[in-house]
Amino acid sequence: MNEDYDLVVIGAGMAGVAAANKCGAAGWRVAIVDALPYGGTCALRGCDPKKILRRGAEIIDAARLMQGKGIDTGDLSINWADLMAHKRGFTDPVPDKMEKGLSGNGVETLHEAARFTGENMLEVDGTPYRSKRFLVAAGAMPRPLGFNGADLVIDSTDFLNLETLPDRILFIGGGFVSFEFAHIAARAGAKPIVVDRGARPLGGFDPDLVEMLIKRGSGIGVDLMRETEIVSVAEAEGAFKVEVKSDGETRTIETDLVVHGAGRVAALTDLDLEAAGVDYGDKGIVVAPHLQSTTNGAVYAAGDSADTDGMPLTPVAVIEGKVAASNMLKDTQTAPDYAGIPTAVFTVPEVARVGMLENEARDAGHDVDVRFTDTGGWYSNYRIGETSAAAKILADKSNGKILGAHLFGPEYGELINFFGLAIKLGLTAKQLKSMTAAYPSVGSDLGSLL
């Protein structure tokens with residue numbers, strides 16, 4: 001048995017690496033373990049590579065918007081193989097860089113699957129490790145699918161590694177993955193279909209803006225089927241036949257690829273948490289507000305592995321990893337601050353949100369001032385040929401404070417950050433409007449939105 005560790009971190013994504021580096025730099029004896037390459041979903045299989053591929057879609061879309069306005073698109077197209085090589089130019093070096101950074105802080109790096117064997121015991125590739133504390137930051141995995149032929153469906157990781165892009169792609173689920181990938185695929189020449197079992201896709205975003213996004217997507221070839229369930233997937237002469245059910249009727253769609261975009265659950269099933277007496281569910285380990293397990297005080301959790309009020313976002317995972325590390329180092333019970341954290345669906349253009357939705361603000365008892373503005377004709381959008389854009393800002397009538405901001409349009413994924421800061425600091429609409437921005441920039445639209 002190896003000597004006692006002060007901390008063993010399970011999962012070498014952004015949350016786990018942040019915590020391991022912090023505790024290692026403080027002089028603790030720390031180990032981190034992951035059977036997958038170091039870097040986690042965001043850097044290797046999610047946010048970062050996805051947005052590199054999105055750049056190709058942005059270029060195509062930007063050129064098309066300026067057709068007849070000074071730009072001749074000619075035979076402009078995405079070379080998928082070259083775009084994927086560009087993506088790998090970023091992702092390939094990540095694991096080695098991560099590991100070197102950890103080693104520089106004295107963290108021991110392990111590369112096999114881990115499982116608990118007791119309250120303070122872990123086994124990695126047959127070797128037992130004893131530690132005073134553990135941080136579980138093992139990320140998430142695609143939600144299991146219950147229909148026949150689910151094994152024929154690829155996940156988001158597989159999509160981000162496609163060497164060639166098929167002509168026809170069906171995405172299951174109306175969330176981030178399906179919409180973002182469908183917008184990329186459509187600009188790359190594919191015909192995507194998004195099949196959503198609910199009536200309202202992207203349920204965490206303002207419904208009015210989502211409908212604008214759906215209409216914009218339809219114009220570039222993204223088809224959406226609402227209130228439709230997948231019945232089965234079957235192979236059919238080099239393609240797939242997907243049986244779907246809607247309004248009691250069943251039909252078959254033929255496609256070249258089926259992609260899982262129907263959500264994710266905490267990747268905890270292989271850790272044998274029961275052996276450590278750790279209570280958990282689909283949303284992660286049950287933790288107190290300061291991220292310590294409610295049933296085993298030696299265990300903390302962060303990111304997708306923790307059942308918290310934080311959204312499943314990389315910045316939230318990093319915050320939780322750092323807070324958990326600080327609580328362990330200082331023996332404190334500080335809870336993470338989730339106020340003012342924005343989120344965006346990086347379609348083209350993107351839809352972004354921070355703070356409350358309109359119904360949430362009213363349900364919370366606020367007297368809500370709703371400021372909706374169609375910005376499709378504003379200079380910042382006219383300049384690039386975009387006509388579909390809007391903003392909905394929510395303020396409290398009693399004190400003028402920003403309660404929520406919902407944006408749809410080009411570069412609004414950057415603009416949303418101003419509103420996030422306002423919510424975090426408790427600023428009023430008047431205070432935020434007092435900012436003088438560089439002109440002409442998208443940021444200079446902020447005052448007029450208020």
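Two exercises follow, each with a worked solution.

This is a predicted model, so to speak of local features takes pLDDT of at least 70 and side-chain atom pairs count only at pLDDT 80 or more, while totals for chains, interfaces and linings use all residues. Residues are numbered from 1 along each chain as its sequence is written, and side-chain values use heavy atoms, leaving out hydrogens and water.

**Exercise 1.** Work out which domains the protein chain has, and how many residues of domain 2 are in contact with domain 3.

*Solution.* 
- Start with the assignment (automatic or from a database): it gives domain 1 (7–142 + 265–330), domain 2 (150–262) and domain 3 (349–448).
- Next, take the C-alpha centres: those of domain 2 and domain 3 lie 30 Å apart.
- Finally, look for contacts (heavy atoms within 4.5 Å): ten residues of domain 2 touch 14 residues of domain 3 in this way.

**Exercise 2.** Find the residues with the most contacts inside the largest nonpolar core, then follow Phe116.

*Solution.* 
- A nonpolar core joins buried (under 20% relative accessible area, 1.4 Å probe, protein chains only) Ala, Val, Leu, Ile, Met, Phe, Trp, Tyr and Cys residues through side-chain atoms within 4.5 Å.
- The largest one has 52 residues, and Leu7, Ile32, Phe116, Leu122, Leu135, Val136 and Ile285 have the most contacts inside it.
- Now pick Phe116: setting aside neighbours within four places in sequence, its contacts include Ile10, Met121, Leu271, Ala276 and Val299.
- Apart from this core lies another, of 39 residues, with Val210, Ile220, Val259 and Val351 among them.

Conventions. Buried means under 20% relative accessible area, exposed over 50%, partly exposed in between (1.4 Å probe, protein chains only).
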